[in-house]
Amino acid sequence: MTKTVAMEKMLKKADLAAWMAKLEQTRLFAPALEDEDVWNYMPVADAKAVGLDHPNTIRPPKGFVFPQREVLYKFSQIPSEAPILTETLPDPEPTVVFGVRPCDSRGLVRQDIVFTKEYEDPYYHGRRAKVIYVGQACNTPPSANCFCSSVGGSPCAEDGLDVLMTELDGVYHVKAVTARGAELLAKGGDLFKEASDADKASVLKTHAAAKAHPQRPIKDLGKVAGALKKNFDSPAWDEMAKACIGCGICTFLCPTCHCFDINDEVTCSSPCSGERVRTWDTCQFPDFTMHTSGHNPRHDLGSRLRQRVCHKFLYFVENHDTQQCTGCGRCVSLCPVGIDIVSVVERLGQP
Amino acid sequence: MIDVAQLKAHAKGLLEKGTVRTVFGYRKSTAGLLAEPAGITEAAQADDLIFDPSCVQNLALYLVNDKKHQAEKRSDDKRPVAVVAKGCDSRAITVLLQENHFSRESVHVIGVSCEGTGVVDARKLARKLGNKKALAVAFDGADAFAVTTNEGTQSIAAAEVMAERCLECRSAHPTLSDVVFGEAKAERGLHTPFQAVKAKIKESEEDRWAYWSRQFDRCLRCYACRSVCPMCYCDECVVDSISFVIAPDTTAEEKANRIKWIERSPAKSESAMYHMVRAIHLAGRCIDCAECERVCPVNIPLRLLNTRLEMEAFETFQYNPGSDPELPTLTSSFRDTDPNSFIR
Amino acid sequence: MAKVEQTAKDETGFEPKIVAFLCKWCSSAGSDLAGVSRLQYPSNAVPITIMCSGSMSPMFVLSAFNKGADGVLVSGCHPGDCHYLKGNFYARRKIYLVQKLLQFIGLENDRFRMSWVSAAEGAKFAQVMHDFVTDIKKIGPQTRLKAKRP
Amino acid sequence: MTKRTGVFVCHCGNNIAATVDVVRVAEELGREEGVVYSKDYVYMCSDPGQSTMAKAIKENKLDGVVVSCCSPTLHEKTFRDVTEEGGGLNSFRCEIANIREQCAWVHSDKPKATEKALKITKAAVKRVQHNQSLTPIGVPVTRKVLVIGGGIAGIQASLDLANAGFEVILVEKNPTVGGHMIQLSETFPTLDCSQCILSPKMVEISKHKNIKLLTQAEVKEISGFVGNFKAKIHQKAVYVDPETCKICDDCAKVCPTVVSNEYDVGLTSRRAIFIPFAQAIPATYTLDESACLGLNPVVCGKCAEVCEAGAINYDMRPKVITEEIGAIIVATGFDLYGKENLGEYGMGRYADVLDGLQFERLCSASGPTGGHVLRPSDHKEPKNVVFIQCAGSRDPETHCAYCSKICCMYTAKHATLYKHHVPDGQAYVFYIDIRSGGKGYEEFVQRSMERDEVMYLRGRVSKVYEKSGKMIVLGVDTISGKNVEIEADMVVLALAMQPSQGTADAAKTLKIGRDKDGFLAEAHPKLRPVESVTGGIFLAGAAQAPKDIPETVCQASAAASKVIQLLSKDELMHSPTVAKVRLSHCTGCEMCVQACPYGAIDLGAPSNKARVNDVLCEGCGTCQAVCLRAAIDVKNVAQVQIHDMINACLGV
């Protein structure tokens, strides 16, 4: 969305905190332990404590621009009078998010498509304009279930990022990808050194090594969509969903899932007032497709698994020419019963 | 030592003879160390079955899900379903029998012994192994697990990496079964039950609230906790449902009168109420399989919350869920001697 | 010390919002007797008459706190006196569990109370109301379980 | 949810208006959602008030009404009648907001009281907007009554009912009616002859066209509910046709088997074919199957041989009788506390230690000794008789905790009777307290002490043993503080009364509760003492608690009048605010079934989901609170109503 610029600098690891300190009037977030074993983007309370050698966060960074709950407007009504509606467009403080993994930033690009292409969502864009993403290249895969390279990404992809940082020996290679990113680097002033040719070569080497790490493969990515279409009525969907418990983990924690529900939350019943809010919803819940009559076109777990996989690997490809899945592996690692999107694609997405 | 070959042969026999419709058991997962639940219908698939400390899930859930599925399909296949059940899982089946969820004849319980230990806690194991990645885990006598990593196999004291609930388990052997594999090791007592609850009770009210406030705050409302719970078998959750039961005779009035006790928004107050209602509805029904806590992606200590009332059931009302399918439930019974002094 | 604190809080003019669930046959009748006897007590508690304390669903308690109640009272017939024979025994067990859970998550202990008030105990009803309001005034507004309402 | 609610705020003169700003309440309620009419009035319950209300309901086409006034116990009925009769709106569409007893009268700060009155009234509006129109449930009744137990309680109840025109089935386990009362010699405090007052009633039972007497019969199964029960009664084969039996006694004379006679409490014996006593009803011989040699001419057959009337038939078989009835009276009576429990008093070991009933038989003119008090061991007249009260009663540690109530009186009677029979003898009574409440009772006891010189010793007996033909009674007189030793010729124990085996059986068959001592539980200890917890089942006599004859007769007549009240209409009217199951949500877990205090819920075919019997349901809502999935609700007090009321109370 912003014009690409190339600016490569070097930052001593020890100077990361100093850089953060210079980013005044900005909310800073970085991965941290929210609780035992729970990595999440947390406000940077003490910049010195921030390290970017984290496994991937439980929650993807999509919530910064697509929060789980968004108030669309407020309403109130006195009986027999016209209702009063009040606009509530978001106006967040400028925010910088550090430590975004390239799979998640590629997820943002996919969110951008959804919230821009046919209709420009003011709530999404109101937030998107204020958030700067500083990426962190994955020198080693942060999870055993990573497969970014198998879906067209890479551990050092720049899509969706404003800045990409790569950890070298004692230093970060910091590359501004967008103008916003360049501004961010500029705020660091002389904390940054210009990257030398040797540094550049070193980064290339590190990136190449990262890409060489074995990941879970998907054969013939280009043919997956067609195969899925062909296998739409396969009984294997039911079989593979047999263990599914029908929770929302895979979708709520997916960096690209973007479905929502809209509800009125009445805060006072007399006189009536409240908020119209949108909250994350998921195709994995029965009420997602349930009709008022009680009829549910996607009534079983198999059809819901098919929807999730086909949305990622078939419908999105048909509509936007790219897979929606970016291979972060969260849905595989966090599934309580081991439902594995790679295995599903392997089985039903191969010609 | 449990002989998995026998387990496989038994399952195979059942499917070959056609005496059961499905066998729910465990098999190796492609997604990680922990086993995955498998519902097998062909005798050949029985070879995939495993039983080792990675078999954490409570498969009683699949009896519940299978019942729904059968009803949806309007299937008239009335053959029983077989299920592999650990001690805790068998107690869940007992509670389901107690609540008439299905009949005893409709389920064939293949009991498996935890061999005096229990199942592994993947998070604890990962911490213990550091950089090494566990590939497989097996029983290794009465107090150890044999853990295979990319660097070979090592023996680890079970108590170090075992699930908390197994450390406090009150019945490690199936209490209800049609056939049992493995040795009954009834005598065990690794930890006193309810110690985590008792430690939490000792904290100050402010500390307790600070703790739970933090937990409820980060709930995603993905409902994995109740989706995985065999006792949360309601088609429509009273407190916040993601599914609605609508029958042909459901009137518009009934639809309109659905009570919205809480909002879908992931706010602390709403999530707190959701988890508390669930805890109350589990009182006297929770058999401490701790699946809710295990599956929570943000590590909310749901076992701690739910065992709070289990402790009351056990210690105050001498009620042990899953011990007797003929008992009335905890809240639909009382004794004259129930606590009264808390009432003014 | 406690006394100083109490006056300090009182001066803020905090008036607790209380929901009192009264069983129809004993406690509600007891409150009627308090009325007939003109016994004065604070007006903070709004009564909801239910058929029997046995019909008190835990959802009602939690919902009241969710909707911002500073205190919730459940009052029924004394054990053995239930109009419906044993409803209050079921209530006692259930309310006990709810109370333990609320304490466990750290809601202030005094916010949820159960009492036995018979139809003859008008004075006791007034006393229960008085004590409850006094105790809640000491601990201040309930913010822990209350939904944020703009 | 209804949309046209009307609110009527009553000033109650100054009773409410002095502390609640009623005008403001009416104004503010007028702005509530769904409220189309809201007015205050000085006295809603007055004639003009009622007319205003009726008129407003009609003119504004109201579909829900809230009257904000005094306690519903006072005027709920008034305003519901106005709603229905004056306004033409179903009476269940009217709710009361109590702003007097629960608000105006207990607060003095007007703004605060007004705030509270507003919340109370708003809550009532929320409730009424979900109310359904209901009509009382009418259930047809079977105007026939089953009385279980043919003692004085059953006899009295049966006669009262039969005389009121109801058909009665009287079921008695023994071969004759009469119960324990027919064994008594005289009754306190008037000393009239028990047989003389009871026999005519027994005869009336046998002659009454409305009474069907089934002796040697037991109720084995009860199904159905109030007004519509079905009973399965098993009647033993009696082998003697009562119609043809001439009561000539020829059969008994030839019968070779001799067994103990129950009527004389084992003091005499009888044959296998026998009549319990001369005045037995039905007046017929009967063959005791368990004592007979074989019911077979090959084995014995002597009785059939000698019976000239040909009344004896060995081929008779037990019968199962099914009866439809509308109500049941349980009058299954008491047994004496087992003598085996009182070894310290030598009962069962010494022939001259007797229980009260045996002593009654000794005093009775029709008894084994022809009305002479003689020792069973040697048939000599006893000169010293010790009566021990509370033998098994009031002893929570080892025996029964309760007081058997009648023993003080019958012991005084026994001592008196003894003195009448043996004027030169001495009677001693060991007692804890003397409980003689009752008309003429205290005077009777005093008379026994003063005129008959009965020696009352306050204290317990520790031991009774035999020494050279005498019963040595060791006790303590707590008044003098001295140990007492009496050489008695006879000892009579006032054994505790306990629920009879028949009572225990009936409780089980009828599924009615028993108290901690095993007596049948009444629905309310003060206000519903003759009703069981289950609608349509009533209690009479000592099955419910120890009691004497007048009290038993009172309770029997009371139970009969309750039944008459119940069955006097063609239909039973039952409150329609009963529980209703949402079948789509019910999973049949049975928690409500377990918790229902009235047994009003069961699992119904074909889907095994909860099913409420509207007639048994009292609408308490216990089921609603135990149901985990809100699959059951009480009509017009549904959870959605409570939910909305909570909101209204909290102003959200």
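The centres of domain 1 and domain 2 of chain A, taken over C-alpha atoms, lie 27 Å apart. Domain 1 of chain A covers 4-61 + 90-212, and domain 2 of chain A covers 221-348; the bounds come from an automatic or database domain assignment. This is a predicted model: local features need pLDDT of at least 70, side-chain atom pairs count only at pLDDT 80 or more, and totals for chains, interfaces and linings use all residues. Residues are numbered from 1 along each chain as its sequence is written, while chains are lettered from A and ligands numbered from 1 in the order in which they are written.

Helices (H or I, at least four residues) and strands (E, at least two) are DSSP runs, numbered from the N terminus.

Now helix H1 of chain B. H1(B) spans residues 4-17. Its buried residues are Leu7(B), His10(B), Ala11(B), Leu14(B) and Leu15(B). They sit on the same side of H1(B) because they cover an arc of only 130 degrees around the axis, taken from the directions from the helix axis to the C-beta atoms. On the other side, Ala5(B), Gln6(B), Glu16(B) and Lys17(B) are exposed. Buried means 20 or more other C-beta atoms within 10 Å of a residue's own, exposed 12 or fewer, and partly exposed in between, with C-beta atoms placed from the backbone. Just after H1(B), Gly18(B) has a positive phi of about 75 degrees.

How values were computed. Expected span 1.5 Å × (residues − 1).
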